[in-house]
Amino acid sequence: MNSGELEILLVEDNRDDMDLALHALKREKLANNIVVARDGEEALDFLFCRGAFTHRSFDHPPKLVLLDLKLPKVDGMEVLKQVKSDPRTKTIPVVIMTSSKEERDLVSGYNLGANSYIQKPVDFDQFRETVKRVGLYWLVINQPVPLGTGAKAAAQRA
Amino acid sequence: MTSVDAGTIAAVKFGVSAEDHAKATLNILEDFSEDKARMEETQHAIFNILRDFSDEKIWLESTQRATLNLLEDFDEERTKAEGVSRELQESVELLRVAKEAAEISNRELESFSYSVSHDLRAPLRHISGFSKMLAEEFGATLDPGAQHYLERIQTGTQKMGLLVDELLNLARLGRHALRLQPTRLNPIIAEVVAILQPESEGRQVEWLIADLPAVDCDPVLVKQVFQNLLANALKFTRPRADGNTQKGTAASTSRTVIEVGHKEEGGQPVFLVRDNGIGFNMKYVDKLFGVFQRLHRAEDFEGTGIGLATVQRIVQKHGGRVWAEGELDKGAAFYFTLSAGKQADVKSSGATAGGQS
């Protein structure tokens, strides 16, 4: 893994959840380069390279977005909708990681193009195991869209 | 009167005799008397007619009165009918209001269970996470007492997580639409037994599973019924450490027998799950199916008190009923019907016991 390459954008407003997720990800040594967005607006600014993130480029998308649903300002579903409906960002894998496994959340999540939907287990051991498997799959096992052929090319067309 | 005129004229014209005259006069008088009789008859007739008229009039009047009464009655009926229709309208309105209220409370229940699932699980996860991190990162510097407390925190958190999840499942059941289909129950039971395998690890469990008839039911929900009942059977046949058991029960012999069977009753199959575990006192039988109702101390048998309430909810959704029989230290039996649909297949072969453990 390239240490300079952004691996995960964690979108999480709750400080406790953020600490637990970061702890789990770092313990499993799956990701070194993690950025945290604390609300939906910040997440969108980051992904669309605007606001405080104008210096960023669409050429370097995160390998994975871990998205909470209940977020201040712009909620998780809206973030998902915007990311998946824009050709510049739609190939970025988005995994919903939330407390809820409400049917309506699952249905609208998948309808909006979520790549996966995970309910955070209450038990911390299970939570760590889940985070480990998600990280392993999306950062190691999964083959992403080659850089410059997906997001970048689309961005140039847009 | 024409004849009188004619006689007089004849006497004057032709100078008739006195005798003739007297005869003519008698004739005329006779004629008069005849006329009088005829006139009287006519008068009678007229009186009769008049009387008839008066009768007719009375009859007409009474008819009129009857008609008026009828009309009045109609009016009353109409008022009554209007009243009924108003009442109906009011009832319909009441129903509409009640339905709206039910919909609102359903929505509230839905949003309640939503926030329970979302909001209640989060802090639990944090307690679990940070207490575990504390134990792992600083456990070496904690004395055994402190470590023990941390374990208790962990156990409590797990219990509450289970409770929240099961409550949510129960709440969701209310909204779950029944998907009835002809279902063979034996494969479902085999699946459940496989799922429960870890819980019977290291124990001798004899499963007596009869060949059950296929029924119309929702297989997902009915699997839940068997899972809860069989898990209970396994749990309450578990050997106890306190030695407070009687001879012949699973708890004293460590030999567990769990039976799944059926019998025909009133043209429909009654399913049963029976064990030889610690049983229960029949005076508490009404408490068995209540939410959060438990008949055993948490230290003896873990559980949330939601399992049998869930079983009852599912059975009732199918239009069936569930009941139980038990005797302390002898065992318990749970019976249920799934009477919402017709039997799909009646190839029952009785309570053939087939061991599979």
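User: Which residue in β4(B) stands opposite Val205(B)?
Analyst: In this predicted model, Val205(B) faces Thr256(B) of β4(B).

User: And in which sense do β2(B) and β4(B) pair, parallel or antiparallel?
Analyst: The two strands are parallel, and their pairing runs over 6 bridges.

User: What is the strand order of the sheet they belong to?
Analyst: The order is β2-β4-β5-β7-β6 in chain B, an open sheet of 5 strands with mixed pairing. At its edges stand β2 and β6 (322-327) of chain B; each has a single partner strand, so one side of each has no neighbour in the sheet. On average, neighbouring strands are turned by 15° against each other, direction ignored.

User: Which helix packs on that sheet?
Analyst: α5(B) does, with contacts to β4, β5 and β7 of chain B. The direction of α5(B) makes about 30° with that of β5(B).

User: Back to the strands. How many bridges join β4(B) to β5(B)?
Analyst: There are 8 bridges, and the two strands run antiparallel. Within this pair, Glu259(B) has Arg274(B) of β5(B) as its bridge partner.

User: How many residues lie between β4(B) and β5(B) in their hairpin?
Analyst: The hairpin has 2 residues between its strands. In the turn, Gly266(B) has a positive phi of about 60°.

User: What about β5(B) and β7(B): how many bridges there?
Analyst: Strand β5 (residues 268-275) and strand β7 (residues 331-336) of chain B are joined by 5 bridges and run antiparallel. One of the paired positions is Leu272(B), whose bridge partner in β7(B) is Tyr335(B).

User: Which residue other than glycine has a positive phi near 65°?
Analyst: That is Asp329(B). Asp329(B) lies in the loop between β6 and β7 of chain B.

User: Is Asp329(B) buried or exposed?
Analyst: Asp329(B) counts as buried, because 20 C-beta neighbours lie inside 10 Å, and the cut-off for burial is 20 or more.

User: And what is the phi of Cys49(A)?
Analyst: Cys49(A) is not a glycine either, yet its phi is positive, at about 50°. Cys49(A) sits in the loop between α2 (40-47) and β3 (64-67) of chain A. With 18 other C-beta atoms within 10 Å, Cys49(A) is partly exposed.

User: While we are on chain A, how many helices and strands does it have?
Analyst: Chain A has 6 helices and 5 strands. Starting from the N terminus, the elements follow the order β-α-β-α-β-α-β-α-β-α-α.

User: What share of chain A is buried?
Analyst: The buried share is 37% of the 158 residues of chain A. Considering contacts in chain A between residues at least 6 apart in sequence, 69% join residues at least 24 apart.

User: Changing topic to helix α4 of chain B: which of its residues are buried?
Analyst: In α4 (residues 185-195) of chain B, the buried residues are Leu185(B), Ile188(B), Ile189(B), Val192(B) and Val193(B). They lie on the same side of α4(B), because they cover an arc of only 140° around the axis. In general, an α-helix has 3.6 residues a turn, so residues three or four places apart point the same way.

User: What do those buried residues pack against?
Analyst: Their partners in chain B are β1 (181-183), β2 (204-209), β3 (215-217), α5 (219-235) and β4 (255-265). The face of α4(B) turned away from the buried side carries the exposed residues Pro187(B) and Ala194(B).

User: How many residues does each chain give to the contact between chains A and B?
Analyst: Chain B gives 15 residues and chain A gives 14 residues. On the side of chain B, the elements that give two or more residues are α2 (18-138) and α3 (144-175). α2(B) gives the most, with 12 residues. By type, the chain B side divides into 4 nonpolar, 8 polar and 3 charged residues.

User: What are the confidence scores of the model?
Analyst: The ipTM is 0.78 and the pTM is 0.58. For chain B, the mean pLDDT is 81, with 85% of its residues at 70 or more.

User: Where in chain B is the pLDDT below 50?
Analyst: One such stretch is residues 241-248 of chain B, which has 7 contacts in the model beyond near neighbours in sequence. The pLDDT also stays under 50 over residues 341-357 of chain B, where the model has 36 contacts beyond four places in sequence. Where pLDDT is low, the predicted coordinates should not be read in detail.

Technical notes:
Residues numbered from 1 in each chain as written. Chains lettered and ligands numbered in written order. Predicted model: local features only at pLDDT ≥ 70, side-chain atom pairs only at ≥ 80, totals over all residues. Buried ≥ 20, exposed ≤ 12 C-beta atoms within 10 Å, placed from the backbone. Helix = DSSP H or I, 4+ residues; strand = E, 2+ residues; numbered from the N terminus. Arc of directions from axis to C-beta. Contact = placed C-beta atoms within 7 Å. Pairing = 2+ DSSP bridges. Axes fitted to C-alpha atoms, helices over the stretch in contact; angles between N-to-C directions. Nonpolar A, V, L, I, M, F, W, Y, C, P; charged D, E, K, R; others polar. pLDDT = per-residue confidence, 0-100.
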